[in-house]
Amino acid sequence: MSEFPTRAKCVVIGAGIVGNCLVGHLAKLGWTDMVQIDKGPLPNPGGSTGHASNFIFPTDHNKEMALLTLASQKQYIEMGMNNTCGGIEVARKPERLEEFNRRMTSAKSWGIDSKLLTPAQVKELVPFINEKIILGGFYTPSVSCVDSLQTGTLMREGAVKSGNLNVFANTEVLDLEVEDGAIKAVITNKGRIEAEYVVVACGVWSPRIAQMAGANIPLTPAVHQMADVGPIDILQKSNAEVAYPIVRDMDTFCYERQTAGSMEVGSYAHRAIFMHPNEIPSNEASALSPTELPLTQDDFDPQMEQAIELMEMLGDAEIKYAINGLLSLTPDAMPVLGETVEVRNLWSAAAVWIKEGPGIAQLVAEWMTYGYPHLCDPHSSDISRFYAHEKTEHHIYARCDEHFNKTYGIVHPREQWASQRDMRRSPFYPREEAAGATFFDARGWERPQWFASNEKLVKKFAAACEPREHEWDARWWSPITNAEHLQMRESVGMVDLTAFNEFDFTGSGAMKFLQYMCVNNVDVEVGRSVYTPLLTPGGGFRGDLTIMRLAVDHFRVITGAFDGGRDNYWFNRHMPTDGSVVFTDMSSALCTIGVWGPNAEKTMSKIVTGDHKPFDVSQKNFPYGAVRNVLIGGVPCTMFRISYVGENGWEIYTKMEHGLRIWDSIAAAGKEFEVIPVGMGVYAVTGRIEKGYRLMGAELESEYNPVEAGLARAKVKSADFIGKAEYLKAREEKPCAVMCTLEMIDNTSKSGIKRFPTGGNEPILTKTGERIVDTKGRVSRVTTAGAAPSLGKYLLLAYLTPEHAVEGNELRVMYMNELYPVRVARVGSQPVFDPTDSRMKS
Amino acid sequence: MKILVCVKRVPAPGARINITADGQQVDTAFLGFTVSPHEECAVEQAVQLVEKHGGEVTVLTLGPAEAQEQLRTAVSTGAVKAVLVPIDVDDWDPQRTAQAIATVISGLELANGKYDLILFGNESADSCGYQVGIRTALKLDRPIVNGAKGLEVENGVATVRRESDAGVEIYKLKTPACVGVKEGINLPRYPTMKGRLASKKVEITQSTPLGDVGGLKLITLRRPPERASNTKILGTGPEAASAVVDLLEELGVFK
């Protein structure tokens, strides 16, 4: 073994599935001079990889997770480590059969061959199942078992053979050194090693290691119970590692997976059991391994009963091995990937399961190499997504406790968290609560989705406010949203936008800096604004926001609640170090109200003044896109004439403490126009979709560029910016997909009821039911779905290939495993409602 | 045939046994609990005898309330009755333990008749005293043979086989008798799922212990110095072959 080095280009800590595949991918991408260390022995250092169940069910409703899982399975196949056995999810409850229809739909989106089975058909494939207690199955022939230890070993050894990696097992990290905000060195029991890059791929230990550098990787080790029972005659006779499809008993949150002559029974049904990373025993003190703890039998007993119910033969099989296995959970059940926000060049590749491990390793390697991943947008895995309160153990435990039993659960796309609510309240909260708001969580902010006080309007707009017949479509939804929408379009509404993030950039270098960050020209007149995408180096969307120029050297960036953390990191990461730009996060200092509708101008003209002077809020004096500092009832406010709902009006910013007063002033002024509070159901869905406005994380992802999204401007500014070269290239090419608005022609299901797609990646298909995949391999799917009450339509947003992106073209959308006819209503960014934007500008 | 098996709850150790700061206990923060391998074999032997001859197996332990877990494990592998002699510390000294167990057994036998066999593990896995079985037998005035590697019962006579350096010793004991069972006598079965579920339903009898403090007192626990590894890597791959041959010759394996 070579001597322990004193420096390396990159140190990867951890030799589980992630660390091993990561060094393999980095080596393939040209990285040299790498060192990998693990405190345990090889090939199984004792982390979660060593006891994983190692199976892959590829279908996931989440696009990012589905793509990562499929990419992983592809790698396992390429390495000969993928054993295809098929897998069946079985239903015991009727609502699960509905969920299977939804899974069929997601499987279609990602091109995964799946089918629904009757109990008898399940029995044909799994002869030892008790088909009498199940209602049906969701069968995926490509479900597989993989050898994650051997895969990791091959990847690691590949990097070693290429001469780019040295590996040191039994090497424990004692400390991490940071200098000027960047990682400097790793201190181990074998010596100190300086490194330009350090990656924490330490699974359940990741928070502990990151903490040594003052960085935060928010995850908790948590118990997943499993038992290996056998020998079982029929399994032994199969003479194979896995001869029968893996069964997921979805309604008991259990699985049964053959391992040669035995059956492995695993559970996500028990209480959530957490362990602190500092409390995990050492390899030396562990009976089995640090992540294979003694089974707490009482927690597992109910699952044994259910398992025997499903497969009677399990009852007489001996329990040969049973553990409380540790795995990683995060507050939102997604991985934690990317450069840590606290320490430059210290990366996290954590909270990753076997099924997505190799794909995530590829993604992180690309990210480290190219500045952004190519595989897919890591939007919901990005470590910078977390706000401060979301990185606390308090939050991690509360949320993981809530979602652990939903691992096999039926989770609605609009489902709300029950724990950790009321973390952040806008100053308008008392009024909203009094108006009977139903609050949705927006990353800690309580935001009204609709108001019970507007229920009376449902009668007024009865035709547009039909209740939804299917409980699934009606869940986390109210017809009041449609009523609020129409009242706003008829008169005026007030929207709480306090969850916005406001980032102020000041100083002599502010303009130059923002020019470099943004696609569109930010060098506008003081008092004007600019909408702009931010791009990845590859020319895909990295952000989407608006900027006000408040003074020559003062810009204010406005971005949404769901992207604040990521955008904050992205700006910070690129800030000049010469002090010419000062970044101040104003998000907790400012509150925002949107006032929109035909009577918005009349309402505001009553209360807006200059200093002791009336202030003319007409379009002539205060045109669309303009920003003005004014007084409202004597309170200093910044008004920004803009709209995300397609109406004349403003976003009004003021200091948090003035908020309630401003709210009351506007409400009083608008009383004669019957002003109403309007929820996010309008702002984020119905108002937006009628106008075809794109949303970061939905329509706008790093896989797509502004040309495809229909957001490319006529001219490109001369200043350089991130992604410019790729952007210019994209402008020269004919896009292979374009964002379109589609309308449902008929949403009546086979059973005769009206259905309303939720917008959870439902595939857009040809009339004959074929998937539409563009030349870059991206599939057409619904990115947003919502009612258009002003049009009496139900709209969908989706990217389509040029041959299908033709207005009037008829296609199909699959929803809950049924096909519905849809028509292309608009190609590109032109809205379906008020296509000339006359309402906003007059 | 009625057989009673006495077991003791002990930590299931990891590779390295950690000791609490006060030196009084094994640190069990990350450990599960079990009984000694000898006792697992004693339960298995009892179950096999009953399977052959009919009857029932009762399992008994003196220990904390948590020791019910070990009783239920024994039930899940074939015992049908369970008796807990609860104490409010983890362990009693062997004299006191034996006195308490003997008293409880006498009480049980008074109510239900004598046990044909009372089985113990050869020694406990934690304190390794080799005492409780013998002391209990003495108090009950029954014969005992320790170190049993074979046990059969025919016509009221237990035949015990034990191994010694000199060869094999065979003992014949008239029942009721006591036997200390040694690991290797059989291959104990694992609990089945059904067994485990059934064990949850068994009612555990509790008997109040009586017993005077004996003479053995724990002063402190100490971990012995770790043995230095004598492993020497001779090489890897085909290049190692000549070194292996040299060593085998040196050891006299090759001539």
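Me: Why does A:Ala351 count as buried?
Reply: A residue is buried if 20 or more other C-beta atoms lie within 10 Å of its own, exposed if 12 or fewer, and partly exposed in between, with C-beta atoms placed from the backbone. A:Ala351 has 27 C-beta neighbours inside 10 Å, so it counts as buried. The model is a predicted one, in which local features need pLDDT of at least 70 and side-chain atom pairs count only at pLDDT 80 or more, while totals for chains, interfaces and linings use all residues. Residues are numbered from 1 along each chain as its sequence is written, and chains are lettered from A and ligands numbered from 1 in the order in which they are written.

Me: What marks the backbone of A:Ala351, and where does the residue lie?
Reply: Its phi is near 60°, a positive value in a residue other than glycine. A:Ala351 belongs to the loop between strand S20 (346-350) and H9 of chain A. Helices (H or I, at least four residues) and strands (E, at least two) are DSSP runs, numbered from the N terminus.

Me: Is B:Tyr130 buried, exposed or partly exposed, and how do you know?
Reply: B:Tyr130 has 16 C-beta neighbours inside 10 Å and therefore counts as partly exposed. Phi of B:Tyr130 is also positive, near 60°, in a residue other than glycine. B:Tyr130 sits in the loop between strand S6 (117-121) and helix H4 (132-140) of chain B.

Me: Why is H1(A) called oblique to H9(A)?
Reply: The axes of helix H1 (residues 17-28) of chain A and helix H9 (residues 357-370) of chain A come within 8 Å and cross at roughly 45°. That angle makes H1(A) oblique to H9(A). Angles under 35 degrees count as roughly parallel, over 145 as roughly antiparallel, 65 to 115 as roughly perpendicular and the rest as oblique. The axes are lines fitted to C-alpha atoms, for helices over the stretch in contact, and angles run from 0 to 180 degrees between N-to-C directions.

Me: Which residues bring H1(A) and H9(A) into contact?
Reply: From H1(A) come A:Ile17, A:Val18, A:Cys21, A:Leu22, A:His25 and A:Leu26, and they meet residues of H9(A) including A:Ile360, A:Ala361, A:Val364 and A:Met368. Two residues are in contact if their C-beta atoms, placed from the backbone, lie within 7 Å. By class, the residues of this contact divide into 11 nonpolar, 3 polar and no charged. Here Ala, Val, Leu, Ile, Met, Phe, Trp, Tyr, Cys and Pro count as nonpolar, Asp, Glu, Lys and Arg as charged, and the others, Gly among them, as polar.

Me: Which residues touch the most other members of the largest nonpolar core?
Reply: Of its 132 residues, A:Val11, A:Ile13, A:Leu22, A:Val199, A:Ala349 and A:Val364 do. A nonpolar core is a set of buried Ala, Val, Leu, Ile, Met, Phe, Trp, Tyr and Cys residues joined through C-beta atoms within 7 Å. Leaving aside residues up to four places away in sequence, A:Val364 touches A:Leu22, A:Leu337, A:Trp347 and A:Ala349. Apart from this core lies another, of 119 residues, among them A:Met488 and A:Phe555.

Me: How do you know whether A:Gly46 and A:Arg823 are buried or partly exposed?
Reply: A:Gly46 has 23 other C-beta atoms within 10 Å and is therefore buried. A:Arg823 has 14 other C-beta atoms within 10 Å, so it is partly exposed. A:Gly46 lies in the loop between strand S2 (34-37) and strand S3 (55-56) of chain A, whereas A:Arg823 is in strand S40 (residues 818-827) of chain A.

Me: Why is helix H6 of chain B said to lie largely in the open?
Reply: Of the 10 residues of H6(B) (residues 241-250), the number buried is 0, so the helix lies largely in the open. H6(B) is followed by B:Gly252, whose phi is positive, near 80°. In chain B, buried residues make up 41% of the 255 residues.
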